[in-house]
Amino acid sequence: MQRLDHLAASARAQSGLLTNAQLQAAGMQPGAVKYRTRVGGLERVAPGVRRVGGAPITWRQQVEAACLATGPLSAASHRSALALWGLITWDDVPVEITVVYERDPDGCDAVVHRSKDLLPQDIELVEGIPCTSVARTLVDAGAVLHERTVERLLERALVRQAVTVAEVRVFMDRVAARGRRGVGVMRRVLEARAYGESASQSEAEELLARICREHGLPPAVPQYRVEVDGGLRFLDFAYPQPLLLGIEVDGFGHHTQRHVFEDARVRRDELTLLGWMLLHFTWRQMTRRAWWVARTIGRASDLRTQAPPLPPNVL
């Protein structure tokens, strides 16, 4: 009876799943397992893994089944890990796991990545499911996702304080080797991020002035002051009345501090209520997609010309 209670507890903790080893440890012989599978009390879902009859079928259950089927040194990874860590909320996230290179799982219904650098310290439990660490997950993401998506995911993880840049760098340096997928993407993301952090206001002014000049746009006023409820707010660049169009060049470092991140949102709302339209560009966009930055400023200017806003109290 005690063994059956333990078996039931294991099934509850594993999304309704049990391994053959767990069934046998509870005293259930292989013949009994086959019989229960035949009559519907158990259902085979992966090599060596069964689902208890009546347990709901879920995506998380499929991920956990793949991990249970491939042994102890395996983990949800790549897009599955991003979903488990809450960094993506996409529909139809594939079941994706990483196993040690020496293991060649057969019959596992998942995208399986075999790795020569998977270590126990790279694996953490997320609600009972073994999952690659946030740092490793972000580096691995570069092997299956576009560089811009990886950049956004890194920023999201930093804002949530789920990882630090230092942790990502430490992992990347550990696994960096010729041909290691994902490392090149993350290295470019971090390099662009570091340059964006170190870029000065004067460099931003010079860059935006060049973009405006080369694309036939009027120059924007740098460091424009706007009075808000008796205080001052500064815009990186502005086209003041009659357009009331503000341009912000978003760096990276400040986003990782929660109070500064939230204050930026308050500031945005205050200026919007005063009639300003705010455009936000990253340093990467300004250096690599200048044509798009110029087109966006031009289209916003056209919209503001067609429907001029009410003038705020501007210094």
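Predicted model: local features only at pLDDT ≥ 70, side-chain atom pairs only at ≥ 80, totals over all residues.
Residues are numbered from 1 along each chain as its sequence is written, and side-chain values use heavy atoms, with hydrogens and water left out.

A pocket is an open set of points on a 1 Å grid over the protein atoms alone where a 1.4 Å probe fits, with protein on both sides within 12 Å along at least five of seven lines, and its lining residues have an atom within 4 Å of a point. The space in the second largest pocket is about 290 Å³, a volume being the space filled by probe spheres set on the points. Strand S6 (111-115) and H6 are the elements that give two or more residues to this lining, and S6 gives the most, with three residues. Helices (H or I, at least four residues) and strands (E, at least two) are DSSP runs, numbered from the N terminus. The lining has two nonpolar, five polar and seven charged residues, where Ala, Val, Leu, Ile, Met, Phe, Trp, Tyr, Cys and Pro count as nonpolar, Asp, Glu, Lys and Arg as charged, and the others, Gly among them, as polar.

Two packed helices are described by the angle between their axes and the distance between the axes. The axes are lines fitted to C-alpha atoms over the stretch in contact, and angles run from 0 to 180 degrees between N-to-C directions.

| Helix pair | Angle | Axis distance |
|---|---|---|
| H6 (residues 134-141) and H7 (residues 147-159) | about 165° | 9 Å |
| H6 and H8 (residues 165-175) | about 65° | 9 Å |

With its angle of about 165°, H6 is therefore roughly antiparallel to H7, a term used for angles over 145 degrees. Contact means heavy atoms within 4.5 Å, and here the contact is made by Val134, Leu138 and Ala141 of H6 and by Val150, Leu153, Leu154 and Ala157 of H7. These residues divide into seven nonpolar, no polar and no charged.

The contact of H6 with H8 is made by Ala135, Arg136, Leu138 and Val139 of H6 and by Glu167, Val168, Phe171, Met172 and Arg174 of H8; by class, it has six nonpolar, no polar and three charged residues.

Notes. Parallel < 35°, antiparallel > 145°, perpendicular 65-115°, else oblique.
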